Amino acid sequence: LQSVLYLGLDVSDKSNQSSHNYEETLHRLDSVFMTLHLAPDGVIHSVNTKFESVYGYEKDEVLEINIRSFISENRLAEFEEMWDRCIHGEVIERVGHRNTKEGTMLTILEYYFPVHSGDEQAMEVVVYSVDITGATINFG
């Protein structure tokens, strides 16, 4: 499995969607990737149903909770360093380990995308991730 993720879709001209259905594309992405929308301080603003089904949490259980609550103590310093780079503009690809609600350890391939309003600091971070537990990955 090669690690490649490219997400791009110009929706500025909705009249040019004859061969591409924007809503269908979003639905397909949503069915494959766990998606989280986070504030710059790490507070979870939304998660999709794929997140719920993989981790076993209901949305109401994780909304307005800081993502750091799901990071183990021994990995927190590494996470903080990564988070700082991300909110200042760097797209991050990493493999992380997360526990489900029931305590099962998962290996997760994560992509952190900072969303900017024009200045240097992110106004939101969108995380796309997929469970790769048991998969063999070659990063080249």
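Q: What volume does the largest pocket have?
A: This is a predicted model. Its largest pocket is lined by 19 residues. The volume comes to about 310 Å³.

Q: Which residues that line the largest pocket are the closest to its centre?
A: The lining draws at least two residues from each of β1, α2 (49–55), β3, β4 and β5. By class, eleven lining residues are nonpolar, five polar and three charged. The closest to the centre are F70, I71, H97, R98 and N99.

Q: How many Å does helix α4 reach from its first C-alpha to its last?
A: Helix α4 spans residues 76–87, twelve residues. At 1.5 Å a residue, 16 Å is expected. The model comes close to that, with a reach of 16 Å.

Q: What arc do the buried residues of α4 cover around the axis?
A: The buried residues of α4 are F79, M82, W83, C86 and I87. They lie on the same side of α4, because their arc is limited. In an α-helix, residues three or four places apart point the same way. The arc here is only 125°.

Q: Which strands are included in what covers the buried residues of α4?
A: The buried residues include W83 and C86. Their cover includes four strands: β1 (34–38), β3 (92–99), β4 (105–116) and β5 (122–131).

Q: Is W83 buried or exposed?
A: W83 sits in helix α4. Beyond its neighbours within four places in sequence, W83 contacts L38, A39, P40, G42, R68, Y112 and V125. Its relative accessible area is 2%. The cut-off for burial is under 20%, so W83 is buried.

Technical notes. Residues numbered from 1 in each chain as written. Predicted model: local features only at pLDDT ≥ 70, side-chain atom pairs only at ≥ 80, totals over all residues. Heavy atoms only, no water. Expected span 1.5 Å × (residues − 1). Buried < 20%, exposed > 50% of the residue type's maximum accessible area, 1.4 Å probe, protein only. Arc of directions from axis to C-beta. Contact = heavy atoms within 4.5 Å. 1 Å grid on protein atoms, 1.4 Å probe; cavity = no way out; pocket = protein on both sides within 12 Å on 5 of 7 lines; lining within 4 Å. Points joined across faces, edges and corners; volume = space filled by probe spheres on them. Nonpolar A, V, L, I, M, F, W, Y, C, P; charged D, E, K, R; others polar.
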